[in-house]
Amino acid sequence: MFELKRRDFLASTAALLALPGLLTLPGLGSAKAAVPVKGGTLRVSVDQAVSVIHPHLTRVIPEYLVTELLYSNLTRLKVDMSVEPDLAESWSSNADLTEWTFKLRAGIKFHDGSPCTADDVVATFKAILDKANASPGRNNVGPIKEVIAVDPTTVLFKLTTPYADMPVAVAYTSARIAPAAIIKSDFKSLATKAVGTGPFKLVSYEPDRLIVAERNPDYYDPARPHVDRIEIRVFPDISAQSSAMISGDVDLMATLQPTEYLRLDGNSGVDVLRVASGQFCNVNFGCDTAPFNDARVRRAIALTIDREAMVDFVTEGFGTVGNDTPLNSSYRFFKNVKQRKANIAEAKKLLADAGHANGLEVTLVASDRPAVRTQLAVALKEMAKEAGVTINVQTMPHATYLDQVWKKGSFYVGFYNMQPTPDGIFKLLYTSDAAWNETRWNNTDFDALVAKARGTTDEAQRTELYTKAQELMNEDVPSIIPAFFDVLAAKRDWVQGFEVHPRASVFRLDYVALTDQAPKHG
């Protein structure tokens, strides 16, 4: 039985990462009814640098947010996870789903004034699919064989297999449409300059401090965006970020951690926001590296976890229990498999069978962003003790983690947003050809199940295939997924039209307006 007390857990976490204390200020009542107005500056805070603005190479939430402002996809995801038109006004497929035709809006312009046509769409997807460019979208934009410009406003995707999720796949966060001329002549220049068709145009870019964008007067929808200007302000200090929200120095916190949600809740003029999601932290095992190349070791560590306690400690109650697969009830085709429960006796037996009867000592790496990574690592360390597993937790700055550990380490804590489909999350992280194949699990049976499901249109059959894939992953444990997080955010009450997206990497800020009660500033 896991008996770590909450106060002991929080003390242990604080020893590794200084978490801001909880602060509850008395509410002073909500603002009077206000009217949305056109114009103004929306100030948005993020908790880490926007290191990449290349539309095909983004990796983290602030980068997704900025490139969504500056670029467009063929389609985009609504808050209910359904797909809607973006640059493509319509789409259709042939009978067996091996060809998809997208019809572009007429008269679209890039920010430099050049027209956006089917040729730009073709160049974009060729660049994403080019292994040399290492785009995270390469394995997440569908099983594309060929992309053809039929005419200036018609694009044909020929696929290697039937694929029902193609309209959703092209909404992927790193599938933004960029100019063919730049892709072909100066692809790398998009790392520091932005030439998109999005609702906003880049004004200035300071990755560690401030990114400024202004309304695109040539955006395809003349009714949007509603604000004239957006400032993305970087706050590496999370407590300072929340203080800025309380004081009214920022209008919107794009993402929020549970401790800060509790700190902000009840403050006058601040609205805290929450939505259930498939977002999760996972403990990744390097399945090609001892001792984690033995599935018995992976299962043993997974069996030390009290998952209800993990939800309490790590999500502060803002989440649900996980079962070591990346799918939960937020996804279509999810089906419950037998829930793994803590079983210390079985964990010890598995370790002994794997040659670790006298215990096991390992180092678990956790980035400092978001802080829940460290909270999860500390909780796992305490839970695993009883089974004879000594876990040394090593924290490091997020930039160092990305450079030295991510996709290279053998035991570390990851953090991932919900993907739009089961295929999306499996092909991002867990198939042998996944864009971010962190675990190096490389299970051919799992690969085959996912491949068959992505090319199947029958709903019942897809459910069966994805259920088998989840059962296989649950048994083999390439990573531990003990809990799913709700997505949290906060805004001032003068911000209207913002909804928290369960995908966590979609923001739709072109729909946001300020009211006449918003403060006036330059």
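The chain contains 15 helices and 21 strands, where helices (H or I, at least four residues) and strands (E, at least two) are DSSP runs numbered from the N terminus. Its radius of gyration is 23 Å, close to the 24 Å that the globule rule gives for 522 residues, so the chain is as compact as a globular protein of that length; the radius is taken over C-alpha atoms, and the rule is 2.2 Å times the number of residues to the power 0.38. The model is a predicted one, in which local features need pLDDT of at least 70 and side-chain atom pairs count only at pLDDT 80 or more, whereas totals for chains, interfaces and linings use all residues. Residues are numbered from 1 along each chain as its sequence is written, and side-chain values use heavy atoms, with hydrogens and water left out.

Along its principal axes, the C-alpha trace spans about 70 × 60 × 40 Å. Of the 522 residues, 60% are buried, a term that means under 20% relative accessible area, against over 50% for exposed and in between for partly exposed (1.4 Å probe, protein chains only). Among contacts (heavy atoms within 4.5 Å) with a separation of 6 or more, 72% are made by residues 24 or more positions apart.

Aromatic side chains form 18 pairs in the structure, a pair being rings of Phe, Tyr and Trp (its six-membered ring) with centres within 6.5 Å, classed as stacked for planes under 30 degrees apart, edge-to-face for over 60 and tilted for the rest. One of these, between Phe-426 and Phe-446, is edge-to-face, with 5.1 Å from centre to centre and 85 degrees between the planes. This pair links distant parts of the chain, since Phe-426 belongs to helix α13 (residues 422-429) and Phe-446 to helix α14 (residues 444-454), 20 residues apart. Phe-426 counts as buried at 0% relative accessibility, and Phe-446 is likewise buried, with a relative accessible area of 0%. Elsewhere, ring pairs join Phe-280, Trp-406, Tyr-416, Trp-436 and Phe-484 into a cluster.

Thr-173 is located in the loop between α4 (166-169) and α5 (180-186), and this residue is buried, with a relative accessible area of 3%. When neighbours within four places in sequence are left aside, Thr-173 is in contact with Pro-55, Thr-58, Tyr-64, Thr-67, Arg-503 and Ser-505. The C-alpha atoms of Thr-173 and Ala-342, which are 169 residues apart along the chain, are separated by 36 Å.
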